[in-house]
Amino acid sequence: PASRRRRAAPGTQAKRIRMFPLNAWYVACTPDDIEGKPLGRRICGLAMCFFRDEEGKAAAVEDFCPHRGAALSLGTVCEGKLVCGYHGLVMGRDGCTVSMPQQRVGGFPRIRSYPVLERYGFVWVWPGDPALATPDALPHFEWAESPDWAYGGGLYHVEADYRLMVDNLMDLTHETYVHATSIGQKEIDESPVTTRVVGQEVVTSRFMENIMAPPFWRAALRANGLPDDQPVDRWQICHFTLPSHIMIEVGVALAGNGGHQAADAVKASSIVVDFITPETDTSHWYFWGMARRFKVDDPELTASIREGQGRIFAEDLAMLESQQRNLLDHPGRDLLKLNIDAGGVQARRMIERAIAAEAAAASA
């Protein structure tokens with residue numbers, strides 16, 4: 001793809017205008033990804049290797065062997081240490097070489113290690129200043145800890161600027177067109193959207209009253225034991241927080257029962273979970289999922305929703321990658337900013353302020 005041909009070579013990111021905050025927690029992978037083996041993943045332009053140490057805790061170091069520059073992620077994990085697959089150098093979680101066959105390693109240069117946190121069913125990494133990495137900097141996600149919620153999700157690798165995904169999720173008008181057979185309906189783009197900034201959060205909201213539910217939500221009503229042939233009130237409330245997390249409250253309730261505030265017995269509601277982790281300037285890791293408050297003990301329903309949601313997000317992927325190719329082909333063109341784009345615009349401004357603040361702190 002053209003986006004791959006135009007991608008900057010590894011190691012050149014620092015010479016360019018940075019596009020993502022570094023002093024923040026990003027989702028790196030799931031716990032299963034590093035069970036018994038290392039995982040190589042580029043995050044915010046940095047090549048990292050994830051593994052479990054001798055205590056079973058998640059760890060991350062540069063994916064760079066100090067001997068000959070091989071990727072440590074191509075090696076193995078032995079007794080909680082990384083073993084380079086090229087010449088057998090053994091690396092600890094602190095970035096210090098532990099041993100190497102027939103070599104004294106005391107003078108070997110230390111490679112960078114990264115703060116890692118395992119929480120909410122994910123492994124998180126802090127690419128920036130380790131001194132600023134505290135667990136308190138990670139938002140609280142109730143759906144990930146409460147037995148009142150069920151969750152299912154997946155991962156897509158997207159060849160597009162991560163901010164394009166932020167734009168996409170903070171303006172759901174596109175559902176009418178991109179997702180016409182599942183969650184889209186004409187009432188979405190016929191209903192007004194409001195945007196506000198609440199502290200360190202950007203919130204966009206859209207409410208639709210007395211409409212018929214689209215196919216995805218008709219199925220959700222049936223799954224919750226509710227009729228799918230009656231009018232409903234529908235809502236979409238998108239919450240953006242730094243660095244690139246978006247939680248979207250979505251659902252339908254039988255019309256006239258209070259909509260978003262309706263009792264659980266007359267509605268099907270969920271939170272669409274979106275953790276967007278930049279890989280490079282033109283690619284990102286998209287951890288998607290849905291947390292729901294109905295039929296939480298039904299694993300088959302969880303699998304069915306995950307499959308349906310995966311198909312929906314695949315439609316977004318095709319659109320965003322095409323958009324990215326167009327933007328690379330026409331770098332000088334200005335894009336329109338309409339009222340429906342306000343959520344994405346405010347989110348980008350928040351990102352830009354965070355990057356500027358980090359740059360100012362580094363200069364000081």
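Predicted model: local features only at pLDDT ≥ 70, side-chain atom pairs only at ≥ 80, totals over all residues.
Beyond its neighbours within four places in sequence, Met48 is in contact with Leu39, Gly40, Arg41, Ile43, Val61, Asp63, Tyr114, Val125 and Pro127.

- Met48 belongs to strand β3, which covers residues 46-52, and because its relative accessibility is 0%, below the 20% limit, Met48 counts as buried.
- Pro127, one of the contacts of Met48, lies 79 residues away from Met48 along the chain, while the C-alpha atoms of the two are separated by 9.4 Å.

**Nonpolar cores**

- The largest nonpolar core consists of 65 residues, and the ones with the most contacts inside it are Phe50, Val125, Trp217 and Phe240.
- Another core, of 19 residues, lies apart from the largest one and includes Trp126, Trp143, Ile271 and Phe287.
- Val125, when residues up to four places away in sequence are not counted, touches Ala24, Trp25, Tyr26, Ala28, Ile43, Met48, Phe50, Ala60, Tyr114, Pro115 and Val116.

**Helix α2 and its crossing with α7**

- Helix α2, residues 162-170, is largely enclosed by the rest of the structure, because eight of its nine residues are buried; these are Tyr162, Arg163, Leu164, Met165, Val166, Asn168, Leu169 and Met170.
- The axes of α2 and helix α7, the latter formed by residues 342-363, come within 8 Å and cross at roughly 140°, which means that α2 is oblique to α7.
- The crossing in which α2 passes α7 is right-handed.
- On the α2 side the contact involves Tyr162, Arg163, Leu164, Val166, Asp167 and Met170, which meet Gly343, Gly344, Ala347, Arg348 and Ile351 of α7.
- By residue class, the contact of α2 with α7 divides into six nonpolar, two polar and three charged residues.

**Thr76**

- Thr76 is found in strand β5, which covers residues 76-78, and with a relative accessible area of 44% Thr76 is partly exposed.
- Leaving out residues up to four places away in sequence, Thr76 touches Pro38, Lys81, Leu82 and Val83.
- Thr76 and Leu138 are 62 residues apart in sequence, and their C-alpha atoms are 30 Å apart in space.

Key
Residues numbered from 1 in each chain as written. Heavy atoms only, no water. Buried < 20%, exposed > 50% of the residue type's maximum accessible area, 1.4 Å probe, protein only. Helix = DSSP H or I, 4+ residues; strand = E, 2+ residues; numbered from the N terminus. Contact = heavy atoms within 4.5 Å. Axes fitted to C-alpha atoms, helices over the stretch in contact; angles between N-to-C directions. Parallel < 35°, antiparallel > 145°, perpendicular 65-115°, else oblique. Left-handed = near helix turned anticlockwise from the far one by under 90°. Nonpolar A, V, L, I, M, F, W, Y, C, P; charged D, E, K, R; others polar. Core = buried A, V, L, I, M, F, W, Y, C linked by side-chain atoms within 4.5 Å.
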